[in-house]
Amino acid sequence: MAKKLRVFAAVAMVVSLAATTACSSSRDEDSSSSGSGSSSNLIGIAMPTKSLERWNNDGAHLEDLLKKAGYTTTLQYADNKVDQQITQIQNMINQNPKVLVVASIDGTALGPALEKAAQQKIKVIAYDRLINSTANVDYYATFDNYQVGKLQGEYVVKQLGLDAGKGPFNLEPFAGSSDDNNAKFFFSGAWDVLKPYVDSGKLVIPSGKKLASDADWKNVSIDGWSSQKAQSEMDNRINSFYTGGKKVDVVLSPNDSLALGIEQSLESKGYKVGADWPVITGQDADLANTKNILAGKQSMTVWKDTRTLGDQVAKMVDQIVKGTTVETNDTSSYNNGVKVVPSYLLAPVVVTKDDVKTKLVDSGFYTADKLGL
């Protein structure tokens, strides 16, 4: 698993990359306009949506690194609409960029567009989400997504004392969007840890969701990573399966967006922090969720410092443009159905109430004032 640090990445990028004039780019959800100027150093960046905090941060950081390094950029957000992202990518290809960086909405839908990119010798980096069913993706950069889920599962085991024989506890599992390739890795990592306790009866699923193995993750998936859909699903489970004083003890939530909806549901159903509030996992260290961690409404989040991901992708872009060896550290894990995509994996980190300051504030990810500390 990657241990690469970002200590000098941003500075090194500015010093070492080819220096040409950068220009502005569009960030409108529904716009496909690009930065002006010569395409000789143009880099296209396709992000899925502005509706999730992390994608705003990812897009802005990567664009900033590349522009400071002298690249022209076009940054596009697609409002979580697959057709819109395809159109944006096609428009970028028409600008003849050196590299396309794509965080896909649907990892199986981009094959035809990327065929044209390959014909024009445009290299493609899949950003955080693997692009599937095409040979025309050259590299993949992400966090160790299986490890994300594993950390969530291990946290649940420790908090409940499952490894010490405690239980049974009532578990409600959730998984991410069914069209997101990462979602299955998150769930697999967690379920490989938790399933033995389900099998032994120490974890019970009152809602009866069928999860014989991690391959059944779509049975508990929430499309679009929607907070509202997660809240509605949690409402339904509590209303239907938690009568007569039965309580939820733990919720496996793969990310903070789902956790936010789950927490709102629990609050609306009368659960109280410090009394009967369940253990709840998350991922991304979103601002609202970090505040909820401090307030006791969320137990943990798995933090993927996306600044380090942007640093790594910017480095890979420069290596591609300069024709040098592109750095990867995994050439076996990510098969997209057509090829194993050379990948660079970064390490995720668990954040709890006890270390919000040391991990998120001291690193500069948030200011203390922003978190009310």
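This is a predicted model: local features need pLDDT of at least 70, side-chain atom pairs count only at pLDDT 80 or more; totals for chains, interfaces and linings use all residues.
Residues are numbered from 1 along each chain as its sequence is written, and side-chain values use heavy atoms, with hydrogens and water left out.

**Helices α8 and α9**

- Helix α8 (residues 256-268) and helix α9 (residues 287-295) have axes that come within 9 Å and cross at roughly 55°; axes are lines fitted to C-alpha atoms over the stretch in contact, and angles run from 0 to 180 degrees between N-to-C directions.
- α8 and α9 are therefore oblique to each other.
- On the α8 side the contact (heavy atoms within 4.5 Å) is made by D256, A259, L260 and E263, and on the α9 side by A288, N289 and N292.
- This contact of α8 with α9 has three nonpolar, two polar and two charged residues; Ala, Val, Leu, Ile, Met, Phe, Trp, Tyr, Cys and Pro count as nonpolar, Asp, Glu, Lys and Arg as charged, and the others, Gly among them, as polar.

**Helices α5 and α6**

- Helix α5 (residues 145-160) and helix α6 (residues 181-199) have axes that come within 6 Å and cross at roughly 30°.
- That makes α5 roughly parallel to α6.

**The open sheet**

- Four strands, in the order β7-β6-β8-β9, form an open sheet with parallel pairing; two strands pair if DSSP finds at least two bridges between them, and helices (H or I, at least four residues) and strands (E, at least two) are DSSP runs, numbered from the N terminus.
- β7 (203-204) and β9 (279-280) stand at the edges with a single partner strand each, so one side of each is left without a neighbour in the sheet.
- β6 (residues 169-173) and β8 (residues 250-252) pair in the parallel sense over three bridges.
- The bridge partner of L171 in β8 is V250.

**Aromatic pairs**

- The structure holds six aromatic pairs; rings of Phe, Tyr and Trp (its six-membered ring) pair if their centres lie within 6.5 Å, and planes under 30 degrees apart count as stacked, over 60 as edge-to-face and the rest as tilted.
- F185 and Y334 form a tilted pair, 4.9 Å centre to centre with 40° between the planes.
- F185 lies in helix α6 and Y334 in the loop between α10 (306-322) and β11 (343-346), so the pair ties together parts that are 149 residues apart in sequence.

Technical notes
Angles under 35 degrees count as roughly parallel, over 145 as roughly antiparallel, 65 to 115 as roughly perpendicular and the rest as oblique.
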